[in-house]
Amino acid sequence: MTVESRFLKACRREPVDCTPVWFMRQAGRYMEEYRRLRERYTLLEMCRNPELAAEVTLQPIRRFELDAAIIFADILLPLPGMGVPFEFAAGEGPRILQPIRSVETIDRLRTADPRADLGFVLEAIRLVREQLPDGVALIGFAGAPFTLAGYMIEGGHSRHFALTRRLMYEEPAAWHRLLGLIAETTAAYLRAQIEAGAQAVQLFDSWVGTLSPDDYREYVLPHSRRIFSALDDLKVPTIHFSTGTAGYLDLVAEAGGMVQSVDWRIPLGRAWDLVGNGRAIQGNLDPLAMMAPLPVLRRKVEDVLGQAAGRPGHIFNLGHGFLPQTPVDSVAAVVEWVHAFRI
Ligand code: CP3
């Protein structure tokens, strides 16, 4: 008999024996076995080789009693297939070779084909599913339209996304074409990940919180909503992740997602009130709390759990990903405390 993951049950707000837990960036530099592989391969080599990607996905699963694995990939992988090549410059993060800053360059873009352009991710998903222990679900993911457009336009990470804003305000028609193209690519890519074996998918809108509520509603919401609507018929849990959106979580929820993933800038209970108790919630420990001594960390973990107050549908996670400095022993402790916690 197969055991259904408590993570999938919580996404659907079904009763669970204890709160499920997984972490964004749970495969990464804080783990010695990851760093050892990274000495031999670049990040993109690891992403594009299905055996390596599957191996890295499973590393944290072997170490901790996590309730879900997230496929090892990156939100930027669909860009080359759309006509936007990029690289990871050592120690600097992503670099887009020719940033998209004019209407003409937007008009030359195309949608990516998940099977032709991203077959290695789909193959990695199949490999992980064959090896995952019973009860541990596999999460697929993609970047959301605003966050991906931000990288395409800025050319790399940015604090204010000023060039992105300028294009959005000066050329609204081209902006909507760009986000439409990203939404179409992303919907097809997530669907292909689900068909390959992903049991839930997360849409990462990491930087959308730089927008005001009105701009979110006008320039972003319809495109993110299109992705969730396109996946509706598959009945697979969808997670909508954003940061910095505490002021308009109701709007983010309106765009879609069976689960809303919230950051630490708002108490989880208040976030849940804004999102509505009809949805599941994921979060929201401050990633920097992982640096605290164990007794302080424990208090913070139990505060998040207490904020959920026994409502069905809480998935414990951070408000954003682990930093490379995260102590491995603290990760193990958090997983144990979450599973042991009773209201
Ligand atoms: O374990 C997991 O969470 C799965 C793997 C994963 C990666 N990237 C691998 C990766 C996931 C889910 C992502 C998503 C991603 N990628 C996001 C959204 C989530 C977020 O953090 O907001 C974004 C914005 C990116 C783009 C990206 N990739 C940046 C800005 C960077 C550089 C920043 C850094 O930490 O160095 C990356 C590199 C990257 N992607 C790493 C990993 C594990 C860094 C590790 C390395 O270089 O080995």
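1. A salt bridge is taken here as a side-chain nitrogen of Lys or Arg within 4 Å of a carboxyl oxygen of Asp or Glu. The model is predicted, so local features need pLDDT of at least 70 and side-chain atom pairs count only at pLDDT 80 or more, while totals for chains, interfaces and linings use all residues. Residues are numbered from 1 along each chain as its sequence is written, and side-chain values use heavy atoms, with hydrogens and water left out.

2. Asp 273 and Arg 311 meet through their side chains in a salt bridge, with an N to O distance of 3.1 Å. This pair links distant parts of the chain, 38 residues apart: Asp 273 belongs to helix 13 (residues 268–275), and Arg 311 to the loop between helix 14 (294–308) and strand 9 (314–318). Helices (H or I, at least four residues) and strands (E, at least two) are DSSP runs, numbered from the N terminus.

3. Accessibility classes are as follows: buried is under 20% relative accessible area, exposed over 50%, and partly exposed in between (1.4 Å probe, protein chains only). Asp 273 counts as exposed because its relative accessibility is 53%.

4. In the salt bridge between Arg 115 and Glu 195, the closest N and O atoms are 2.7 Å apart. Arg 115 lies in helix 7 (residues 114–131) and Glu 195 in helix 10 (residues 172–196), so the contact ties together parts 80 residues apart in sequence. Arg 115 and Glu 195 are both exposed.

5. Arg 126 also forms a salt bridge with Glu 123, at 2.8 Å between the closest N and O atoms. Arg 126 and Glu 123 are separated by about one helical turn, because they stand three residues apart in helix 7.

6. A network of salt bridges links Glu 4, Arg 12 and Glu 14. The count by this rule is 18 salt bridges.
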